[in-house]
Amino acid sequence: MGLIDVIISKSLGRDVSPGDIVVVDVDRVYAQDGTAPLVIEVIEKELAVKRLFAADRTYFFIDHSAPAPHVAAATVHKDMRRFSREHGIHLYDVGSGICHQVVIDEGIARPGMIVMGADSHTPTVGALGLFALGVGSTDAAVAIAYGRQWVRVPPTVKVVLSGRPREGVMSKDIILSIIGELGTDGMIGRAVEFHGDALSYLSMDARFTITNMCTEMSAESAIIPLDSVARQWLESRGLTPYRGIDYDPAKSVFVDEVVFEVDKLEPVVAAPPDVDNVVSVDEVEGTEINQVFIGSCTNGRLEDIETAVRILKGKKVHQNVRCIVSPASRRVYIEAFRKGYLQVLAEAGCVIAPPTCGPCVGAHMGLLAEGEVAVATTNRNFPGRMGHKNSKVYLSSPATAAASAIEGKIVNPRKYVLGG
Amino acid sequence: MIRGRCWKLGDNISTDHIISGKYKFSAIDSIEAMLPHVLEEVIPDFYRKVSKGDVIVAGKNFGKGSSREQAPRLLKLVGISAIVAKSYAHIFYRNAINIGLPVIVAQRIPDASETGDVIEIDLERGVVRNLSKGIEEKVSPFPRELAVILEAGGIVEYIRRYGVPPWLRSTG
């Protein structure tokens with residue numbers, strides 16, 4: 001039994017085992033403007049149900065094409081607002097932020113919950129010690145309409161992160177290195193539970209990057225049990241667990257256990273065309289770039305922006321590079337604003353964008369032309385992901401992205417981080 | 001019984017391969033308008049070449065990536081009657097069951113099959129055959145909870161028929 005099994009067991013009031021198909025009360029359901037239109041269509045046209053059992057537990061986010069880049073998106077957004085109003089669904093409109101970050105910021109997702117999000121990066125919120133499952137639109141529609149949904153209890157793999165990461169190595173480098181080793185199908189059919197002394201060096205901001213990227217090795221979910229770092233973070237935000245879970249990992253049985261020594265890692269990138277094509281930054285150093293994007297549900301949190309600020313302060317973005325920075329939520333945006341970070345970045349020549357998924361998913365606000373190369377702190381580097389099918393995306397940490405923005409080519413952030 | 005012509009694909013076919021985000025997030029606002037772009041970077045003109053009843057046979061981790069449900073819906077809309085792959089990303093798998101598109105896990109058939117072969121799937125007996133190559137493979141039946149959804153043609157059809165999802169029917 002891993003923590004996910006324990007949460008499901010507690011929710012059901014009986015013990016479950018990996019592989020069981022069980023029906024759970026879904027504590028929170030959410031969808032975004034890429035998936036919500038089909039949720040609405042399924043509910044109104046296909047199922048034709050009038051009353052939504054879980055409307056008060058449902059959250060809609062306008063984050064993927066926000067603000068609307070064209071009339072089609074504006075129309076979708078208008079319909080989301082109409083539907084939310086009619087059914088009493090909580091709507092987070094343009095500028096609120098990326099769904100996974102807002103459910104963290106607003107205390108919508110809390111420890112011990114079972115959360116379904118119509119977005120593949122929903123496991124992000126598992127770093128709060130909850131069971132987060134990404135689903136499609138029909139799954140979300142059925143959960144919203146009936147309040148319950150089936151899940152297959154995933155077998156859990158224990159991943160132990162051991163040692164203290166070196167200066168310049170961020171949690172993005174850790175998770176990219178793991179994906180590079182295990183492959184994009186490395187955790188297919190399984191959930192990942194993180195342990196190890198390295199966690200004590202990783203803030204909540206850093207942890208959300210790790211659970212977020214577990215999707216890229218096809219993990220069904222990712223979770224980090226609450227520890228003192230998480231409890232202090234919850235307390236500082238006035239949040240409490242939704243469901244008290246008595247969990248002793250020492251008594252847990254996992255289907256597998258993998259240990260990663262993170263103290264030996266160096267900054268890495270995932271080179272195109274896939275997320276497991278991971279190489280050290282040194283190997284691709286000097287690759288000329290046209291754009292840098294710092295943001296997304298993967299790396300658009302305050303610590304990420306802080307890192308970029310430390311590197312870019314008093315420097316200039318290279319003349320051949322557009323450097324776009326998008327805080328992941330309004331809360332992050334305001335904190336970065338108050339601390340003066342946005343001013344430092346703007347003075348360095350960055351473009352400060354509103355919270356949006358836009359550039360990451362190739363929707364808007366920084367697409368790439370044919371042959372262009374980007375360094376992005378995002379989660380996918382598939383061909384054409386950020387624009388033209390013959391454009392290239394290197395996935396990196398915010399430190400590598402910021403250092404590369406200064407030099408106009410991929411560089412190891414070491415000298416900027418150590419040089420202070 | 002499902003019988004159709006094979007389209008052989010490799011490992012790690014993502015939902016971006018099936019329908020690129022640039023269409024999903026473009027001004028194209030209907031699923032029909034996305035049809036010409038299905039799998040276009042993997043098999044040029046797939047939309048024109050595919051016939052009703054055809055079967056996709058693929059390697060591991062089929063449907064990885066984005067949760068976009070347009071991916072299985074578009075494959076069904078262009079006429080794909082079933083997918084046989086070594087493994088599936090779980091969101092794609094759930095989406096396919098929900099829309100009544102059989103997603104079968106097999107190991108030998110994907111290795112042995114080529115585009116153009118005739119594939120036969122007997123869900124009741126749990127057998128997949130490549131008639132062109134003369135091989136067959138036993139496959140695990142769907143768990144009962146999912147089989148009832150597939151048999152109805154998808155979760156929406158199930159709910160239309162019985163008024164509620166299967167789990168509310170059996171417990172209520």
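**Confidence, fold and chain contact in a predicted complex**

For the complex, the predictor reports a pTM of 0.97 and an ipTM of 0.95. Local features need pLDDT of at least 70 and side-chain atom pairs count only at pLDDT 80 or more, while totals for chains, interfaces and linings use all residues. Residues are numbered from 1 along each chain as its sequence is written, with chains lettered from A and ligands numbered from 1 in the order in which they are written.

Turning to chain A, its secondary structure consists of 15 helices and 18 strands, taken as DSSP runs numbered from the N terminus (helices H or I, at least four residues; strands E, at least two). Chain A is as compact as a globular protein of its length, because its radius of gyration of 20 Å is close to the 22 Å that the globule rule gives for 420 residues; the radius is taken over C-alpha atoms, and the rule is 2.2 Å times the number of residues to the power 0.38. Along the principal axes, the C-alpha atoms of chain A fill a box of roughly 55 × 55 × 40 Å. Among contacts in chain A with a separation of 6 or more, 78% join residues 24 or more positions apart (contact: C-beta atoms, placed from the backbone, within 7 Å).

Where the chains meet, 43 residues of chain A and 36 residues of chain B take part. On the side of chain A that touches chain B, α5(A) gives the most, with five residues.

Terms used:
Contact = placed C-beta atoms within 7 Å.
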